[in-house]
2 protein chains.
Amino acid sequence: MPISEYDIEVARTPTTSDVFNAVAEASRRDLLDALGSGEATVGELAERLGLSQPTVSKHLGVLRAVGVVHVRVDGKHRWYRLNGPALKPIHDWVRTFERTWNTRLDRLDDLLAELQAQEKKQS
Amino acid sequence: MPISEYDIEVARTPTTSDVFNAVAEASRRDLLDALGSGEATVGELAERLGLSQPTVSKHLGVLRAVGVVHVRVDGKHRWYRLNGPALKPIHDWVRTFERTWNTRLDRLDDLLAELQAQEKKQS
DNA sequence: TTGACATATGCCGATATCGGAATATGATAT
DNA sequence: ATATCATATTCCGATATCGGCATATGTCAA
C-alpha cells in the first residue's frame, strides 16, 4: 500500500527545523564560536576543531539550513561566515527567564562595566 | 562477541546530556513557559498545553534530568516549578553573539524601556 | 481492603541523528 | 584532457527520539 505523502510522522524533531535544534549539538556550537572571529573555510574549521571534513560539511549544512551561517564561494574554496541575527530567537526566549538569576540592578551593573571597558578601549 | 561496556557509541546526543538539547524540543520550551507563571501539576500542564499525561511526564523527566525544573511532592500531586538558573549556560553562550544584532545603544534603549514599564507597574 | 485518582514507566513503530568511509561534484592548474 | 585540491553527498550501522497505548506505582478516601 502506497503511503500518502500527507501523513508525515514526526518522531524526532529535525535539526533543521529551527535554530534551537541546530544549536543543540556541541560541535555545531563550536563551529559558530570559531566563526565568531571571522570567515573560515571548511578545511580550516576541520583542522581547528579536529573534525573530519565530511563531518564539518554536514554540520555547516545544518547551520546553513537554519540561516545561522552564510557561504561565499571563491574558486574551490567556500568561505563560511556567521549570521548572528539568526540566533536572536534563542536569545529572546531565554531572556524571558533572565529575571530568575539576575536582578534588574545586576544587569545595570553589567551594562556599566561594559561601557567602562569600552571607554578604556577607545582612550 | 560480547560488547564491552567501555566502548559506547554516541550517535545522537541524548536530550538529557545538557540544557541545550533538553530545550531543543518545542513542547519542552512550552512547558517551561507555562511554569514561568508559577508551580503547576502534571495534569494542569497536560490540559493547558493539550498534551497527554504520559507525554508531559516524560518531558518533565528530561527537564528535571538537566535541572531546569524541580519537583515538590504533595500527596498524590507533584508540583513542578521552574529552576531558571539552569538556563544560564544558554544565555551566556548566545550572549556572546549579541553584538551581531544589537548595538550598545540599542541595549540601553531596551533597559530604559524596561525600567519605564516597571515604574508604571509600581505606580 | 477496595476503588478512584495522579503520575511514572515500559514497550512499540516510525523516524532522524551522528560519524565514518567511500565517492561524487566542481574548480584550478599543468 | 588530466591530475589535484576543496567540498559536498551518499550509504551505513548503532542508537536515541517522540507520541501512543497499556500498565505499574503510589496516595488518599470510603
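**View 1. Three strands of chain B form an open sheet in the order β1-β3-β2, with antiparallel pairing.** β1 (40-41) and β2 (69-74) of chain B are the edge strands, each with a single partner, so one side of each has no neighbour in the sheet. Strands are DSSP runs of E, at least two residues long, and helices are runs of H or I, at least four, all numbered from the N terminus. Two strands pair if DSSP finds at least two bridges between them. This is a predicted model: local features need pLDDT of at least 70 and side-chain atom pairs pLDDT 80 or more, while totals for chains, interfaces and linings use all residues. Residues count from 1 along each chain as written, chains are lettered from A and ligands numbered from 1 in written order, and side-chain values use heavy atoms, without hydrogens or water.

**View 2. β2(B) pairs with β3 (residues 77-82) of chain B.** The pairing is antiparallel and spans six bridges. His70(B) stands opposite Arg81(B) in β3(B).

**View 3. 28 residues surround DNA strand C.** Each has a heavy atom within 4 Å of the strand. The closest are Arg12(A), Lys58(A), Arg12(B), Ser57(B) and Tyr80(B). Sugar and phosphate make up 59% of the atoms of DNA strand C that come within 4 Å of the protein.
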